[in-house]
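Work through the exercises below with the structure open. Try each task before reading its solution.

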Amino acid sequence: MIEGTMDYLEPQTRQKFDELLAYNRTHRKWSGLILTGSEITLHRDLPELAKAAKQSGFKHVRIQSHGMHLGKLEYCTKLIDAGVDEFFISVAAADAESHDDITQVQGSFNKTLQGMENIDRWEHTISITNTVVTKKSYKQLPQVVDALAHLKNLAQMEFWFYWPMSGKDDKSLLVSHLEMLPYLKEAVAKAQALGRRIEIKNFPQCLLGEFKHLLVNGQPQLFIDPVFWREFEKNGFYQCKHRESCQSTECLGLNGAYIERFGWEEEILVPQYNG
């Protein structure tokens, strides 16, 4: 969703990172740190960064990754020994053919799955998956849950409804809410039966029914090039015909690209009331 911004966003400097660690050593403001980037496992100093974070009062260190490099047990071990104990892994689809088609990397599904199986070797580690829901993947959501059912350390599954960081769906990846909803609900029910925690992102809360409490759009404090926010605003979130009467504090409403493609859907959206 943000791949276009990777071409010009400035990465955080080591000096800024060290300043953040020094602040946390003194103030103990945060208990967890997430390290991310275009692909954080390509950073040659990642083990060193994780070790420094643990020494600065962070109880948990998480990385966001496509997980392919974790398929190498030696590398996975190195990260865990350095203090990484949470792995947020992108799983695009339920099988190798579909996943690899989305990632455009042959063999990526098998490498990612092997990485998650490697994480399972440690008792104190957890994995979290995020699946971006697009026209290419939405019918496979229940099968994604099935494909990962054997992972004992998979603690949470997240389903992110695609947004294009633009006013238009130039890649034709959006799918309508009602078309996608049965597959999402089936996937959520299956994941809950396995004891997984669930978070749903960027979906109208009023359409989720018994699963509306699973909508979580809040994010941790983010240290990133400020230019990112200028690009993020192009999504045009919080648009809805019922916005003035709806009391939901979690829903992002519709974004500009979705409205341009499918309309306002005011006949199916329902204002939420507290109490």
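**Exercise 1. Find the surroundings of a loop glutamine.**
Which residues does Q140 touch, not counting residues up to four places away in sequence?

*Solution.* The model is predicted. Step 1: list the contacts. Q140 touches A93, A94, D95 and S98, with residues up to four places away in sequence left out. The side chain of Q140 reaches the backbone nitrogen of A94 at 2.6 Å. The cut-off for such a pair is 3.5 Å. Q140 is found in the loop between β4 and α6 (141-147).

**Exercise 2. Classify the glutamine.**
Is Q140 buried or exposed?

*Solution.* Step 1: take the relative accessible area of Q140, which is 15%. Step 2: apply the cut-off. Buried means under 20%. Step 3: conclude that Q140 is therefore buried.

**Exercise 3. Trace the sheet.**
What is the order of the six strands in the open sheet?

*Solution.* Step 1: read across the sheet. The order is β1-β2-β3-β4-β5-β6, with parallel pairing. Step 2: find the edges. β1 (32-35) and β6 (197-201) each pair on one side only. From one strand to the next, it averages 20 degrees.

**Exercise 4. Examine β4 and its neighbours.**
Over how many bridges does β4 pair with β3, and over how many with β5?

*Solution.* Step 1: take β3. Strand β3 (residues 84-90) and strand β4 (residues 126-133) pair in the parallel sense over five bridges. In this pairing E86 stands opposite I126, and S90 stands opposite N130. Step 2: take β5. Its pairing with β4 is also parallel, over seven bridges. Here V133 stands opposite F161. Six of the eight residues of β4 are buried, so the strand is mostly covered.

**Exercise 5. Describe a helix pair.**
Which residues make the contact between α4 and α5?

*Solution.* Step 1: get the geometry. Helix α4 (residues 96-103) and helix α5 (residues 108-119) pack at about 105 degrees, with axes 7 Å apart. Step 2: classify the angle. The range from 65 to 115 counts as roughly perpendicular, and α4 and α5 therefore fall in that class. Step 3: name the residues. α4 supplies A96, H99, D100 and T103, while α5 supplies S108, F109, N110 and T112. Step 4: sort by class. The contact has two nonpolar, five polar and one charged residues.

Terms used
Residues numbered from 1 in each chain as written. Predicted model: local features only at pLDDT ≥ 70, side-chain atom pairs only at ≥ 80, totals over all residues. Heavy atoms only, no water. Axes fitted to C-alpha atoms, helices over the stretch in contact; angles between N-to-C directions. Helix = DSSP H or I, 4+ residues; strand = E, 2+ residues; numbered from the N terminus. Parallel < 35°, antiparallel > 145°, perpendicular 65-115°, else oblique. Contact = heavy atoms within 4.5 Å. Nonpolar A, V, L, I, M, F, W, Y, C, P; charged D, E, K, R; others polar. Pairing = 2+ DSSP bridges. Buried < 20%, exposed > 50% of the residue type's maximum accessible area, 1.4 Å probe, protein only. Polar contact = N/O pair within 3.5 Å; in protein donor to acceptor, adjacent residues only side chain to side chain.
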